[in-house]
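Work through the exercises below with the model open. Try each task before reading its solution.

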Amino acid sequence: MGSKKKVQTGWEYYSTFGQVLGVGEVSALTRITNGETEVWSGALDPTSRDVDGRTVITTEIGDLHWFWGRVDQNTSALLDAQVADVGAGPVSLPWPAFRPLNYFVADDIAHGQQVSPPTLKFELRRTPALLDLSAHELSGDAVLPEVIYEIYTDVLWGAGIDAGELDVASFEAAAEVIIAEDLGVSPYLDEDVSIREYVGKLLQYMDGYLRWVDGKLALKLIRPEDTTNAVIIDADNLAEEPRALNEGWGDTWNLTVLLFTDRENDWDENASEVYDDVANRAARGETVREEVKLPFVTRRSVAKLLAKRKGLKAGVPRTTWELKVLPSLRHLRPGDVAILN
């Protein structure tokens, strides 16, 4: 007769480890995945934290100790319990509180039969609430003028500019326009870029620009203007004949393909929305295609709005006017509205 024999077919691995995700306090945590597999979903905010600034999250592969990135969070008890032997016996390791970094420590997380730890992906949201606005988020997206305001004023990761040097009212006015348009996007910062470069990238999402007004930095959106009080430029204050600089049809296009990140489709980074300008195609006699990449857009409704805006603008030849005016118009500043009579 044969005999039964135990055979080892593999090992189940577990580990405790930690990782920093970002700088600053997170406003909400909504989903955690292991590769492509969801291991937890819900709706947590910093009010769920304990006295150490930690929220314990029970996932399908074990517990995670989540620290929100606050300036008052304490050290992790799991990390404090770690010891190392460098030749003189086990000794405790000193750990900082990682203020104000948001990070997690995995408590005996299951690997399955793979030796390396799982690749965890966190869906986080940071919602600044620094301005006096009717809303601070739009269907989970940020209000960009408020984001730019935080970038300039934050003393930790931003420029640290005193709020008194900014035209706060202009930021709030621009934000209310964005709220009314439901033009929310979700920017992220994961590369080493200058503030000037990053803010410039954000401005293109809402057709905005920055200018100096009475010694303060102000935010302005390019929208149809009220010309009731506009300055009129006519022959009496011109030094010479105005000159139009028409750039022609060469830089225009008629098929705008806007690429965005579709969060309703598992954050598909290759989602697209198309705007077809029939009038430009008729004028040019051909189809001219242009891709516009706006990865911070996460909703199709916003992608559709921006594809149309950028498509309409791209379909019309740009014309600029070169004017030489008399000193009587020396009070004009960049961004002022004027009418050429």
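**Exercise 1.** Find which residues of α4 are buried.

*Solution.* Buried means under 20% relative accessible area, with a 1.4 Å probe and protein chains only. In α4 these residues are Tyr 198, Val 199, Leu 202, Leu 203, Tyr 205 and Met 206. Seen down the axis of α4, they fall within an arc of 145°, so they line one face of the helix. That arc is taken from the directions from the helix axis to the C-beta atoms. This is a predicted model, where local features need pLDDT of at least 70, side-chain atom pairs count only at pLDDT 80 or more, and totals for chains, interfaces and linings use all residues. Residues are numbered from 1 along each chain as its sequence is written, and side-chain values use heavy atoms, leaving out hydrogens and water.

**Exercise 2.** State what the buried residues of α4 pack against.

*Solution.* Take the helices: α2 (144–153), α3 (168–181) and α6 (300–314). Contact here means heavy atoms within 4.5 Å.

**Exercise 3.** Give the strand order of the open sheet of 3 strands.

*Solution.* The order is β17-β16-β18, with mixed pairing. The edge strands, β17 (268–276) and β18 (289–293), each pair on one side only. Two strands pair if DSSP finds at least two bridges between them. Between β16 (residues 255–262) and β18 there are 5 bridges, and these strands run parallel. Leu 255 stands opposite Arg 289 in β18.

Definitions and conventions. Buried < 20%, exposed > 50% of the residue type's maximum accessible area, 1.4 Å probe, protein only. Helix = DSSP H or I, 4+ residues; strand = E, 2+ residues; numbered from the N terminus.
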